[in-house]
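Subject: Handover of a structure and the findings from it

Dear colleague,

Please find the structure below, together with its sequence.

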Amino acid sequence: MHGYDQGYQAFTDMVFVDSADYFEGFKCYREMMRDYPDAKFILNTRDRKRWLRSMRRWALYKDRKAYLSYRYDTTNLWRFSAALSRDWEAHHRDVVATVPESRLLVFDVECDPPERLSRFCGLPDSASRYYGHENRSYSAFRHYGNRLRASVPDPAKQPLKRLLGR
């Protein structure tokens, strides 16, 4: 992190991929814990199945077969998905076991209220008014259950999804 720590207060990149480089910054939490003993860590999470669907779409975007072959030794989306699922589980388990509870926030980006994030960062709840979901999902239904999902007519689901957002 040498150089970055002079001008920034947060490191948020998960994976950097371009034609020549590949860097998984999210795996550097042990080194960051060692080098920055007062640092706090946020483990962003979401429903694994929806995340895997999103990652399969990402892999198809601009035909990332070279990346899949390099990183996962396959171009098969289902093998890629299975490998990602194993990685997701191992990473979540390891972060929770390694990072002290007082320095860790496990934050569900689909349904946790933004005030949790503000409070963890030592900010007032009012700071959460800037929080928004870029990729809205049906996560609001997770709060209200399948009964609500079943009772909403299909033509109304998209407008309701936009309205509820979280």
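I begin with one residue. His 91 lies in helix 5 (residues 77-98); helices (H or I, at least four residues) and strands (E, at least two) are DSSP runs, numbered from the N terminus. His 91 is buried, its relative accessible area being 17%. Buried means under 20% relative accessible area, exposed means over 50%, and partly exposed lies in between (1.4 Å probe, protein chains only). Apart from neighbours within four places in sequence, His 91 is in contact (heavy atoms within 4.5 Å) with Phe 26, Tyr 29 and Leu 43.

Please note that this is a predicted model, in which local features need pLDDT of at least 70 and side-chain atom pairs count only at pLDDT 80 or more, while totals for chains, interfaces and linings use all residues. Residues are numbered from 1 along each chain as its sequence is written, and side-chain values use heavy atoms, with hydrogens and water left out.

Confidence and overall layout

The mean pLDDT (the predictor's confidence in each residue, from 0 to 100) of the chain is 77, and 64% of its residues reach 70 or more. Confidence is highest in strand 4 (residues 104-108), at a mean of 94, and lowest in helix 7 (residues 139-151), at 52. Over residues 137-141, pLDDT stays under 50. Where pLDDT is low, the predicted coordinates should not be read in detail.

The chain holds eight helices and four strands, which follow the pattern α-β-β-α-β-α-α-α-β-α-α-α along the sequence. Of its 166 residues, 30% count as buried.

Helix 5

With 22 residues at 1.5 Å a residue, helix 5 should span 32 Å, and its end C-alpha atoms are 31 Å apart, which agrees; the expected span is 1.5 Å times one less than the number of residues. At the N-terminal end, Asn 76 caps helix 5, with a side-chain oxygen 2.8 Å from the backbone nitrogen of Trp 78. This is a polar contact: a pair of N or O atoms within 3.5 Å, where within protein one must be able to donate a hydrogen and the other to accept it, and residues adjacent in sequence count only if both atoms are side-chain atoms.

The buried residues of helix 5 include Ser 81, Ser 85, His 91 and His 92. Among the elements that cover its buried residues are helix 2 (29-35), strand 3 (41-45) and strand 4.

The nonpolar cores

A nonpolar core is a set of buried Ala, Val, Leu, Ile, Met, Phe, Trp, Tyr and Cys residues joined through side-chain atoms within 4.5 Å. The largest has 12 residues, including Trp 51, Met 55, Phe 80 and Trp 88. Helix 3, helix 4 (65-72) and helix 5 each give two or more residues to this core, and its largest share, five residues, comes from helix 5. A second, separate core of eight residues includes Met 33, Leu 43, Val 95 and Leu 104.

Trp 51 lies in helix 3 (residues 48-60) and is buried at 17% relative accessible area. Leaving aside neighbours within four places in sequence, Trp 51 is in contact with Arg 46, Leu 84 and Trp 88.

Cysteines

Cys 28 counts as partly exposed at 21% relative accessibility, whereas Cys 111 counts as buried at 16%. With a disulfide taken as a pair of cysteine sulfur atoms within 2.5 Å, the count comes to zero.

Yours sincerely
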